[in-house]
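Subject: Structure handover

Hello,

Here is the structure we spoke about, with the sequence alongside. My notes on what was found follow below.

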Amino acid sequence: MDPKFTEVSQVFQLFKAAFVRKDFDTCMKLLTQLKVTLTEFKSLPPLFEETPNAIQERTLARDIYEHAVFLSVKIEDQDALERDFFQLKPYYTDTHGLQPSTQEHPILGLNLLRLLVQNRIAEFHTELELLPSSALENPCIKHAIELEQSFMEGAYNRVLGARQTVPHEIYVHFMDLLAKTVRDEIAGCSEKAYDSLSINDARQMLLFSSDQDLVKYIEEEHPEWEIRKGFVFFQRAKESAPCKEIPSLQLINQTLSYARELERIV
């Protein structure tokens, strides 16, 4: 066996051991080392050269990037998750003789969930279109599709309730983020539609289980709202929103200028 392959395998074992004991700082250091070393294998994307150990090297690299994706979720780094996913993706789309990975559908579903949390709906559907029809029946992919449908329909109770039925434990973190995305959407609509709401109505609308949770959310996310006499007032948010002046005089001058130019042409 190639000494370089053996070295990478040994470092990866150290990475997995650190991951199990939740020593994520060590994981990050080892992952950086692994990624640098992987660049020396010509059998990996984008070259895909058919070297003597090509299949073993691609399988190992895929396992490393899959663990990198899970690590980025654990440390709550969405930028790292996006980078690691796109480094991993060629191993799913251009398999070159690799056996299917048991983590493929959970990670593809995780990426869909990430896009949904970030409200990147167009990219969500683009990624969905790239999946084979057989993948759409996988529980991890179906979970993301059903969430997106509920989100678009405004069935926010279904979105929040889906946390109890996640198909993979790694999804829980993103379900919590999705709950925040949902509340932010409702909050944005509420302050445009109402001058004020009773605390009870605001709590129900924002899907909180207690008044204390509502108050905490307002203090952290919407300090411009006011709570007094049992009501939440949105008026300050409307008053603080910048109003753009219409440059009427400038528009009139431009219009007259265009009219003069048209007369000259005619």
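In which loop is Leu-207 found? Leu-207 sits in the loop between α11 (199-205) and α12 (211-221). Its phi is near 65°, a positive value in a residue other than glycine. Leu-207 counts as buried because its relative accessibility is 18%, and the cut-off for buried is under 20%. Please keep in mind throughout that this is a predicted model.

Overall make-up

The protein chain has 266 residues, of which 41% count as buried. It holds 14 helices and three strands. Taking contacts between residues at least 6 apart in sequence, 61% join residues at least 24 apart.

The loop between α2 and α3

The loop between α2 (24-38) and α3 contains Pro-46. The peptide bond leading from Pro-45 to Pro-46 is cis, with omega near 5°. Phe-48 is found in the loop between α2 and α3 as well. Phe-48 has a positive phi, near 55°, in a residue other than glycine. With a relative accessible area of 14%, Phe-48 is buried.

Phe-48 is also one of the contacts of Arg-58, a residue placed in helix α3. Is Arg-58 buried or exposed? Its relative accessibility is 0%, so Arg-58 counts as buried. Leaving aside neighbours within four places in sequence, the residues in contact with Arg-58 are Ser-43, Leu-44, Phe-48, Glu-49, Glu-50, Tyr-91, His-96 and Leu-98.

Two helix pairs

Two packed helices are described by the angle between their axes and the distance between the axes.

Helix α3 (residues 54-74) packs with helix α4 (residues 78-88) at an angle of about 165°, and their axes are 9 Å apart. An angle over 145 degrees counts as roughly antiparallel, so α3 is roughly antiparallel to α4. The crossing of α3 and α4 is left-handed. On the α3 side the contact is made by Arg-62, Tyr-65, Glu-66, Ala-68, Val-69, Ser-72 and Val-73, and on the α4 side by Ala-80, Leu-81, Asp-84, Phe-85, Gln-87 and Leu-88. By class, these residues are eight nonpolar, two polar and three charged.

Helix α6 (residues 104-117) and helix α8 (residues 139-153) pack at about 15°, with axes 7 Å apart. The two are therefore roughly parallel to each other. The crossing of α6 and α8 is left-handed. His-105, Pro-106, Leu-108, Gly-109, Leu-112, Leu-113 and Leu-116 of α6 meet Cys-140, Ile-141, Ala-144, Leu-147, Glu-148 and Phe-151 of α8. This contact has 10 nonpolar, two polar and one charged residues.

His-125 is in helix α7 (residues 121-129) and counts as partly exposed, at 36% relative accessibility.

In soluble globular proteins, nonpolar side chains tend to be buried together. Here the largest nonpolar core has 71 residues, and those that touch the most other members are Phe-15, Leu-38, Ile-64, Leu-110, Leu-147, Leu-178 and Leu-206. Helix α3 gives the largest share of this core, nine residues. Which residues does Leu-110 touch, not counting those up to four places away in sequence? They are Val-69, Val-73, Leu-81, Ile-170, Tyr-171 and Phe-174.

Regards

Definitions and conventions. Residues are numbered from 1 along each chain as its sequence is written. This is a predicted model: local features need pLDDT of at least 70, side-chain atom pairs count only at pLDDT 80 or more; totals for chains, interfaces and linings use all residues. Side-chain values use heavy atoms; hydrogens and water are left out. Helices (H or I, at least four residues) and strands (E, at least two) are DSSP runs, numbered from the N terminus. Buried means under 20% relative accessible area, exposed over 50%, partly exposed in between (1.4 Å probe, protein chains only). Axes are lines fitted to C-alpha atoms, for helices over the stretch in contact, and angles run from 0 to 180 degrees between N-to-C directions. Angles under 35 degrees count as roughly parallel, over 145 as roughly antiparallel, 65 to 115 as roughly perpendicular and the rest as oblique. A crossing is left-handed if the near helix is turned anticlockwise from the far one by less than a right angle, and right-handed if clockwise. Contact means heavy atoms within 4.5 Å. Ala, Val, Leu, Ile, Met, Phe, Trp, Tyr, Cys and Pro count as nonpolar, Asp, Glu, Lys and Arg as charged, and the others, Gly among them, as polar. A nonpolar core is a set of buried Ala, Val, Leu, Ile, Met, Phe, Trp, Tyr and Cys residues joined through side-chain atoms within 4.5 Å.
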